[in-house]
2 protein chains.
Amino acid sequence: MTADLQSWIDRLRRGDALALSRAITTVENHAPGWRDLLKELFPHTGRARIIGLTGAPGAGKSTLVDHLARQYRQENRSVGIIAVDPTSPYTGGAILGDRIRMQQHFSDPGVYIRSMATRGSLGGLAGATADVSAILDASGRDFVMIETVGVGQDEVDVVRLADITVVILVPGMGDDVQSIKAGIMEIADIFVINKSDHPGAERVEREIRALQSLAARADRWTPPIVKTVASEGLGIEDLVAAIRQWETYQQAGNRDRVRQAENWEGRLIAMLRDALLEEALDRMPAGAIAGYAAEIAAHQRDPYTLVEEIVGRLETKS
Amino acid sequence: MTADLQSWIDRLRRGDALALSRAITTVENHAPGWRDLLKELFPHTGRARIIGLTGAPGAGKSTLVDHLARQYRQENRSVGIIAVDPTSPYTGGAILGDRIRMQQHFSDPGVYIRSMATRGSLGGLAGATADVSAILDASGRDFVMIETVGVGQDEVDVVRLADITVVILVPGMGDDVQSIKAGIMEIADIFVINKSDHPGAERVEREIRALQSLAARADRWTPPIVKTVASEGLGIEDLVAAIRQWETYQQAGNRDRVRQAENWEGRLIAMLRDALLEEALDRMPAGAIAGYAAEIAAHQRDPYTLVEEIVGRLETKS
């Protein structure tokens, strides 16, 4: 390791926000040295608790995360927040909205907030989020909260990285919207019904309980349902307590280690897929893919045979 | 090519529904011979018009597609429909709902409907949809309609395969929901405001026009806005006319070929990524990934170095 890299990592681990931001930017952009940086940081990861929070747009995720962060700060625990914003794949623009509010709100160095406005990002959204999460972990944050809009496979992949997944629901959403979230429902370790002072909160709770009764097993964790009114800071202690209960449950019988290994299995495959592609593309002349694509569109070449040929050129060194 | 494969392809190309269903199932499941099948079918593709239709849950996509199919049938054109249903990544269950209605509705062999209930499917949702679309194309369908819920990157990838992308909006959706669709908005070649008899249809139209005025360019297609009430079959002719206008526009100056080449570029990269991963995993002993993942979770191994090692073992044959 170079002296520069060593000094950068030392500063990052001492909590230097500038070193931290520079590391995140380097990794997000896959700038030179990004892999070396992650390699050196890896031994310092694994200490933070990674909390994934997901819910429909307008469910009050940011406000809830904001209050959760305050609560942890009162316990003198440091927090990193990764806000994954829905981004246009074409313009790269993100819906930052209240992120700016939060940024202004926290002058506390114990809270670090980073927006990931990077759909279609290098290595995918889930990969980028995992890398940033690892950096925050290595920087000594006690909690890393990953906040994401609960739609689509991407978001499911993002929250699957977490040690604990909190699914945030609100009363009064149409049936259509609820049904879309079928996949998200199943990854919940904890449910939050936010805006629980609104009409229909009981109905949402009944629906969750009905779903749970179908899947209940004595040997499995039944996700608790926590009611909050994040805009007024109500119910946050209950959420903190539910997270603590989950931690206790997970630590028994090494469940947390099993979960981490499962998470790494998916992540490793994704990393491998991206790295193999990168390598294969590096070995091709510039513009090769565009040329092939034009030939395929003109039906002068069949893509299936082409892919077999490219893969067939690779050999394993013994 | 074996005689069996030849006879299967012949039957498929004559429109035999059983041969078609078998081909789709083979490709969806990556069953033995799936790649050979696609290779042999490829020369027979490129004739169908691929229409991607996307919109929020409850926007009335199925009803609209249903009516569009009827309209094309009246012109004696054959139709294949791929209904991409939101699926749970955990149970594999799909929200089939009105798909069953459609299936019962059409006893007409000129309409073939297939649900893709396969999130987390082999080769990804977009890949699976593209393969099925190619089969329907090769089977001689004049139109292939791909219907998908407009949320998430997955869905964007799916509709990007199409020759034409129709984005379906409805009045009265919250601002949050509209804003989520920022990425979807930009891929529209045609906008449909369905349920246009509901209050707020004018507002949706004004919003689209406002967005368009920001991005308007004389040398570019400005997506027309078609108003429909799909439940009553209103506005379908207008949509058919808008699709025809787009076709005329695209055929001028070879724009359709350029678009297809662009689509193939993304698709080829995705195919290559999947094939490289498959190959690399095939070369590893069974259980290798799970073993590595456990070591990483235990911090006995760093994943970044591991991935470099695996990629480094590959050589290119000269």
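Of the 318 residues in chain A, 44% are buried. The model is predicted, and chain A holds 14 helices and 8 strands. Among the contacts in chain A with a separation of 6 or more, 75% are between residues 24 or more positions apart.

Now the sheet itself. In chain B, 7 strands make an open sheet with parallel pairing, and their order is E3-E2-E4-E1-E5-E6-E7. The edges are taken by strand E3 (111-116) and strand E7 (225-227) of chain B; each has a single partner strand, so one side of each has no neighbour in the sheet. On average, and with direction ignored, neighbouring strands of this sheet are turned by 20° against each other.

One pairing can be followed in detail. Strand E2 (residues 79-84) of chain B runs parallel to strand E4 (residues 143-149) of chain B, and 6 bridges join the two. Within this pairing, B:Ala83 of chain B has B:Glu147 in E4(B) opposite.

Helix H6 (residues 124-138) of chain B packs on this sheet. The strands that H6 touches are E1 (49-55), E2, E3 and E4 of chain B. The direction of H6 makes about 165° with that of E2(B). H6(B) is mostly covered, with 15 of its 15 residues buried. The length of H6(B) agrees with expectation, because 15 residues at 1.5 Å a residue should span 21 Å and the end C-alpha atoms are 21 Å apart. Just after H6(B) comes B:Gly140, which has a positive phi of about 95°.

For the context in chain A, the division into domains is the place to look. Domain 1 of chain A covers 1-44 and domain 2 covers 46-253. Their contact involves 13 residues from domain 1 of chain A and 14 residues from domain 2 of chain A. On the side of domain 1 that touches domain 2, the elements giving two or more residues are helix H1 (3-13), helix H2 (17-28) and helix H3 (34-41) of chain A. H2(A) gives the most to that side, with 6 residues. By class, this side of domain 1 of chain A has 8 nonpolar, 3 polar and 2 charged residues.

Note on methods
Residues numbered from 1 in each chain as written. Chains lettered and ligands numbered in written order. Predicted model: local features only at pLDDT ≥ 70, side-chain atom pairs only at ≥ 80, totals over all residues. Pairing = 2+ DSSP bridges. Helix = DSSP H or I, 4+ residues; strand = E, 2+ residues; numbered from the N terminus. Axes fitted to C-alpha atoms, helices over the stretch in contact; angles between N-to-C directions. Contact = placed C-beta atoms within 7 Å. Domains from an automatic or database assignment. Nonpolar A, V, L, I, M, F, W, Y, C, P; charged D, E, K, R; others polar. Expected span 1.5 Å × (residues − 1). Buried ≥ 20, exposed ≤ 12 C-beta atoms within 10 Å, placed from the backbone.
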